[in-house]
Every structure is written in structure tokens, then in C-alpha cells.
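Please look over the sequence and the structure below.

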Amino acid sequence: MPYVTAQQLADRFGQAELVQISNQEDPDAMAVNATRVDGAVADIGALIDAKLAPRYAMPLSSVPLVLVNVACDLVRARLYDKRITDHIAD
């Protein structure tokens, strides 16, 4: 079970931003680059798993909202890549 979905990212940050940050090489893109989003979600999921596994039985039976929020923020930062702004980094 992923900690966050593309829909949760779009709900939290807006579809337009998700399209933009998932298509940095194509500023005219009109759709989310699902491959980039799925890759970022998987990377952040692995990071969260690595942090939680020593303390909790994995996989979690349910994902607490606070963890969804953290995952959203981390995926967003991952998608911004080298173009991350100070606002997003904070």
C-alpha cells in the first residue's frame, strides 16, 4: 500500500502544479507524467519503510493522516528535483 497516491498529491497541491513538476522537461505538457510521479511515490515509500521498519510491523495496517501528509510533502520535494524553491524546501 503506497503512503500517498497521485490523486492525494493533486488534491493537496493542485493538478496544475502536479502536471508542471512531473514534466519539467516539457513545459507545454497537459497531463501528469505518471511514470515520474509513480517513481517518486515508490522512492519515498521505500524511505518511509526504512525509517519505520525497525519500530513497527510492516506493512502498516492503515496509514495515519500525518504520514500521508509527510509523504505528500516529500514526494513534492522529490518531483521538484534541483528546481526546488526555499518555500517548498521548508
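Which residues of the largest nonpolar core touch the most other members? Among its 21 residues, these are Tyr3, Val4, Leu9, Leu18, Ile48, Val75 and Leu79. The model is predicted: local features need pLDDT of at least 70, side-chain atom pairs count only at pLDDT 80 or more, and totals for chains, interfaces and linings use all residues. Residues are numbered from 1 along each chain as its sequence is written, and side-chain values use heavy atoms, with hydrogens and water left out.

**Nonpolar core**

- A nonpolar core is a set of buried Ala, Val, Leu, Ile, Met, Phe, Trp, Tyr and Cys residues joined through side-chain atoms within 4.5 Å; buried means under 20% relative accessible area, with a 1.4 Å probe and protein chains only.
- At least two residues of this core come from each of α1, α2 (15-22), α3 (34-52) and α4; helices are DSSP runs (H or I, at least four residues) numbered from the N terminus.
- Helix α4 gives the largest share, seven residues.
- Leu79 touches Leu18, Ile21, Gln24, Arg36, Val37 and Ala40, leaving out residues up to four places away in sequence; contact means heavy atoms within 4.5 Å.
- In soluble globular proteins, nonpolar side chains tend to be buried together.

**Helix α1 against α4**

- The axes of α1 (residues 6-13) and α4 (residues 65-80) come within 10 Å and cross at roughly 85 degrees; axes are lines fitted to C-alpha atoms over the stretch in contact, and angles run from 0 to 180 degrees between N-to-C directions.
- α1 is therefore roughly perpendicular to α4, a term for angles of 65 to 115 degrees.
- On the α1 side the contact uses Gln8, Leu9, Arg12 and Phe13, and on the α4 side Val68, Asn69, Cys72, Asp73, Val75 and Arg76.
- By class, this contact has five nonpolar, two polar and three charged residues; Ala, Val, Leu, Ile, Met, Phe, Trp, Tyr, Cys and Pro count as nonpolar, Asp, Glu, Lys and Arg as charged, and the others as polar.

**Helix α1 against α2**

- The axes of α1 and α2 come within 7 Å and cross at roughly 115 degrees.
- Ala6, Leu9, Ala10 and Phe13 of α1 meet Gln15, Glu17 and Leu18 of α2.
- Five of the residues in this contact are nonpolar, one is polar and one is charged.

**Ser22**

- Ser22 lies in helix α2 and counts as buried because its relative accessibility is 0%.
- Its side chain makes a polar contact with the side chain of Asn23 (3.3 Å); a polar contact is a pair of N or O atoms within 3.5 Å, one able to donate a hydrogen and the other to accept it, and residues adjacent in sequence count only if both atoms are side-chain atoms.
- A polar atom of the Ser22 side chain lies 3.0 Å from the backbone nitrogen of Asn33.

Technical notes. Parallel < 35°, antiparallel > 145°, perpendicular 65-115°, else oblique. Buried < 20%, exposed > 50% of the residue type's maximum accessible area, 1.4 Å probe, protein only.
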